Amino acid sequence: MSDLDKINSIFNAKIDSVKTKEDLQNIKTEFFGKNGEITKQFKTLSSLDPDKRKEFASYLNKIKDDLTNQINQKDFEISNVEINEKLKNEKVDVTLPIRPYQQGKIHPVSQVIDEISSIFSEIGFSVAEGPDVETEYNNFTALNTPEDHPARDMHDTFYLEKNKKLLLRTHTSPVQIRTMLNGKPPFKIIVPGRTYRCDSDQTHAPMFHQLEGLHIDKNITMGHLKGCLDYFIKEFFEVKNVKMRFRPSHFPFTEPSAEVDIGYRIENEKIVIGEGDKWLEILGCGMVHPNVLKNAKVDPKKYQGFAFGMGIDRLAMLKYGINDLRAFFETDFRWLSHFGFDPLDVPTNYRGLSK
Amino acid sequence: MIITLPWLKEHLKTKANENEIIEKLTNIGLEVEGIKENVGELDKFKIAKIIKAEKHPNADKLKVCEVSIGGKETFKVVCGAPNARDGLITIYAPPGAVIPKTKFELKIAKIRGVESLGMLCSESELNLSNDSEGIIELNNKEKEIGKSYFKSKTEKTIDISITPNRPDCLGIRGIARDLSSTGIGKLIPFKKKNLKQTFKHYIKTSITKDKHQGCLTFGSCYIKNIINKESPDWLKSKLLALGLKPISAVVDITNYVMFDLNRPLHAYDADRIDKEIIIRDSKDGEEFEALDNKKYKLKKGMCVIADKSSVLGLGGIIGGTKTSTEFETKNILLESAYFLPSSIRRTSRELSIETDAKYRFERGIDPNSVIKGLEIATDLILKICGGQASKFTITGKNFQKNKIIKFELESFESLIGIPISISEAQKILNQLGFNCKKNKKNLLVEIPSWRPDIVQSVDLIEELIRIKGFKNIKLISPERKRENETLNFKQKLFHLSQRSLASKGYLETVTWSFTDSKIDKQFSKEENEIKIINPISSDLDVLRRSIFSNLAIHLKKNQDRGYEDVSLFETGPVFFGKNPGEQQIVVGALKSGKVGRKSWIEKERNIDVFDIKGDAVKTLIELGISDQDLFISDITKHCYHPGRSGSITYKSEKGPHLAYFGEIHPAIIKKLDFKEPNIYGLEIFLKNIPEQNKKIRQTKKSFQPSDFQKSQRDFAFVIDKIFKIGLLEKIIKEIDSSIIQDVTTFDVYEGENIPKGKKSVAINVSLQAKNKTLNEKDLDQISKKIIDIVKDKTGATIRS
């Protein structure tokens, strides 16, 4: 057995018994230190015959690499054992609660307005707005509801002046007038907004939200109105089919006027929109009255179109199973947390309107 | 408008059943709101006989009656009527019956210890009259014991919602006419009345030419020697079915004609008219007692029917007590007139009177139905009450000529989207009572006088499609095309602000735009309230001038429910004047309580001004304003704690006002009595957020990171206590922006070892150059520069 083999076998015997980094350091010194066994062997190289030297050197290097690897391996093992020992004492109970935080929510009315805006955005409607305080002219007269018109009785109006010239708008329709007076046709707008009527009980609130729609262009017919509403209702309720019925009605600002019912049924105490043998009134609509166009300085001989209006709060109630309208405006922490929406759930067309 | 099918069928010859009729009504715009069998419920009221009436053992004024309804069985009924006696025939209501007056359902009940099976009824309880003195006494009805008192028991009533444009359908004949146009049946023509009119009118009638004269036509008939009495059963039950109280034959007949033909009438006791009838404008202050037993003080210019001495009635609205017809009335003057809707509306609103006649006249009565109404009513009065009728006197406009509309058939298709043939159009219009003449491709359409709502072509289009059916319109799918942006800049901010606040733990709420003036005053100013003239309640009496008013009210309610750590916000309008547009959108948030309450890991602490400032700053950054453009100052307003609040303006102190933030003023907290008084708020004014005219991608600088080592230096300055650290940081940043990357205050200290009136501020400065690693010499140089400039500009010294 050569010296090298001897060194090797001594090393192998010792390395197995190494348990600590200290032992390992001792071995390192014993073999690779200044006077280490391997170091010594390297020093003998120069005294060897050139032909022997090459062979010996190659063997020596092999042994050296081998031992070095074993030392590194051992070092790794010892480190692992030490870390694992340390970690044993670092266990925490991860079932403890996280740091307190508050979960913010978006109000259902805002969420539904965003949904509606997204739906109508797809077919080219823009969002328009108007003031909450309106003139009697914009709210009624311009909308073909002159002063002695009984239709005014259908709106219980809040007034800001005794002479009734200023009021809180009873519907979002005055924005039709404002939009048309401030622009040039075609008009293609939706108007979500606050509306007011002095009426308060379980199903009425003195303030509620309406969505107005207006599309004025050349050649817009009632067929377009039907198509637009059919599209909207399907998209909003996220169903493939909706049974829809137009029922003749009367609004001073549209002619012909219709109310729209959609079919529904009750399943497991929940309302299922779209099919079924019951009807639910959901919106009013019609072709914009020529008098309204005239009042808004649009030529009714050249332009025509449709308008519609619906209750946003009611849409939210239907879609999200909320029973009580009054609760929308009562700011109950529990209600807002329960019915509110995560702020990251922004309705979009590609990711879907709702989770 | 309530109808019954048998009554409808007096005008409409039809084989259709109830369901078909109901469906058709709704389809043509006469929406059926409800179907009631209330007459069927009246079936339960039986004619009964009191076998024996004995004194109640425990009550002096009550009796225990043994009541028979014919069979062997008798019922014990406790009754308080003084006239309850043995042998009386009256009306018995068993348990389960609903009393018409009170709508109260009878149940078996113990009254003073004696069980009572139902009750015996007074006229008032059955809505037959106002008589509540005792129970009904029925004479000569011995044979009918056990039968239902109300005859028309099988009639259902159908409640139809009539839109304000259709006064013609406020009469049953009008509804029949509309139905006939659907092909469901035929309108039955009027039978000719052979009225015997033997003499000329005794009473002179005249319409004065007043400025506001609201009466265009006044037709009348004098009927003498009548015997007024209770109406016959057929008439009573008709009125009862509609929910009307039968009064006397004369009054019932006028009501019947009103509901049958939508032709209001009025009957005067002719003997109580002083000489003549004058239809004139009222004088200011004139008084008049109406049939509702109320006295009205009239204003100038209301249309009154008067005689020589006083006002007899408000034309088309309500009659007066002076000439009201009674059972004793012998001679009557029957009125059938036409009043202008605007006049009716003005007067009734002024005096707050609602009557069936007013409701009809203000919507528009057929001006040419004056004579028809007189004919039918006179005929009925003669038949029921006897007497002799005069010839009719018509004062004023005799007849109104019907309007003619030139209707271009093509306009139908261009508005509705589907064509209609000339023959179909003509057929529908004819059945609705329009006369049509063909004129090439057009129709000349004569508008019947009962349709005041039809004034132009488009109204005819509506009539045609209403009857033809909306379901026949072909749907045109919308084009998926967008030419304009959906939201403008401000609208985007509105939506973004909601998401931004909600993502910081705030719950969004929506509250009324009006509020309690007492609360609003706390957050705004004492003066310039925006009052609502007719508020829904006294604590919602003004438009809100601060976004905090309602938030505070609701925060308090939540605290009272036991929720102390609540963060709320609302993005909505606040008002600064009562004119349209004097409003702005404000994002308002309130936050109360503690951070880390009841946490095993966090130290519990009160929310403080730096929490709310952080939310305001982060929100503004999310709304698109760069961090460096937010100028923070301690400018505040009175609803905030003066020392713990501030403002954010754009770029400089004088820039647009973006936000306020801070602790809510303790005086307000005390006044509103909050349970958890630690409350902070922020307001962001969206209108002041400047719209950038360039997209971010256009303004963003290129990315040029430095590859050289970053260094840090800490400085401790001793500086005047009142010196603003925001400004100190700014001064340091501006010393050399190419090298100074970041400046952060990490400690502020006052007290021991620091001179009075001074504070020690520890600031960390990050330094990095673009072109080299800064060596010790460079760092010393820049440090010295920082110390020198800070000392120069602020007087601060470096702490040794």
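Visitor: What makes two strands count as paired?

Guide: Two strands pair if DSSP finds at least two bridges between them. This is a predicted model, and that test is applied to its coordinates.

Visitor: Which strands form the open sheet that holds β43 of chain B, and in what order?

Guide: The order is β43-β44-β42-β45 in chain B. These four strands pair in the antiparallel sense.

Visitor: Why is one side of β43(B) left without a neighbour in the sheet?

Guide: β43 (740-749) stands at an edge and has a single partner strand, so one of its sides has no neighbour in the sheet.

Visitor: What makes β5 and β6 of chain B a pair?

Guide: Six bridges join β5 (63-68) to β6 in chain B. At least two are required, so the two strands pair. Within β6(B), T74(B) is the bridge partner of S68(B).

Visitor: Why is β29 of chain B called hardly covered?

Guide: A residue is buried if 20 or more other C-beta atoms lie within 10 Å of its own. Among the five residues of β29 (435-439) of chain B, the count that passes is zero, so the strand is called hardly covered.

Visitor: Which strand pairs with β29(B)?

Guide: β30 (442-446) of chain B does, over five bridges and in the antiparallel sense. K437(B) has L444(B) as its bridge partner in β30(B). The hairpin has two residues between the strands, and K440(B) takes a positive phi near 55 degrees.

Visitor: Which residues of helix α7 of chain B are buried?

Guide: In α7 (341-351), they are P341(B), S343(B), I344(B), R345(B), R346(B), T347(B) and S348(B). Their cover includes β22 (303-306), β23 (311-314), β25 (332-339) and α8 (356-363) of chain B. S352(B) follows α7(B), with a positive phi near 55 degrees.

Visitor: Why is α4 of chain A said to lie largely in the open?

Guide: The number buried is two of its 39 residues, so α4(A) lies largely in the open. This helix (50-88) reaches 56 Å from its first C-alpha to its last, close to the 57 Å expected at 1.5 Å a residue.

Visitor: How far apart are the C-alpha centres of the two domains of chain A?

Guide: They lie 87 Å apart. Domain 1 covers 3-88 and domain 2 covers 108-339.

Visitor: How many residues of chain A are in contact with chain B?

Guide: 68 residues of chain A are in contact with 79 residues of chain B. The largest share on the side of chain A, eight residues, comes from α8(A). By class, that side has 33 nonpolar, 21 polar and 14 charged residues.

Visitor: What confidence values come with the prediction?

Guide: The predictor gives the complex an ipTM of 0.89 and a pTM of 0.85. Chain B averages a pLDDT of 92, and 99% of its residues score at least 70.

Definitions and conventions: Residues are numbered from 1 along each chain as its sequence is written. Chains are lettered from A and ligands numbered from 1 in the order in which they are written. This is a predicted model: local features need pLDDT of at least 70, side-chain atom pairs count only at pLDDT 80 or more; totals for chains, interfaces and linings use all residues. Two residues are in contact if their C-beta atoms, placed from the backbone, lie within 7 Å. Ala, Val, Leu, Ile, Met, Phe, Trp, Tyr, Cys and Pro count as nonpolar, Asp, Glu, Lys and Arg as charged, and the others, Gly among them, as polar. Domain bounds come from an automatic or database domain assignment. The expected span of a helix is 1.5 Å times one less than its number of residues. A residue is buried if 20 or more other C-beta atoms lie within 10 Å of its own, exposed if 12 or fewer, and partly exposed in between; C-beta atoms are placed from the backbone. pLDDT is the predictor's confidence in each residue, from 0 to 100.
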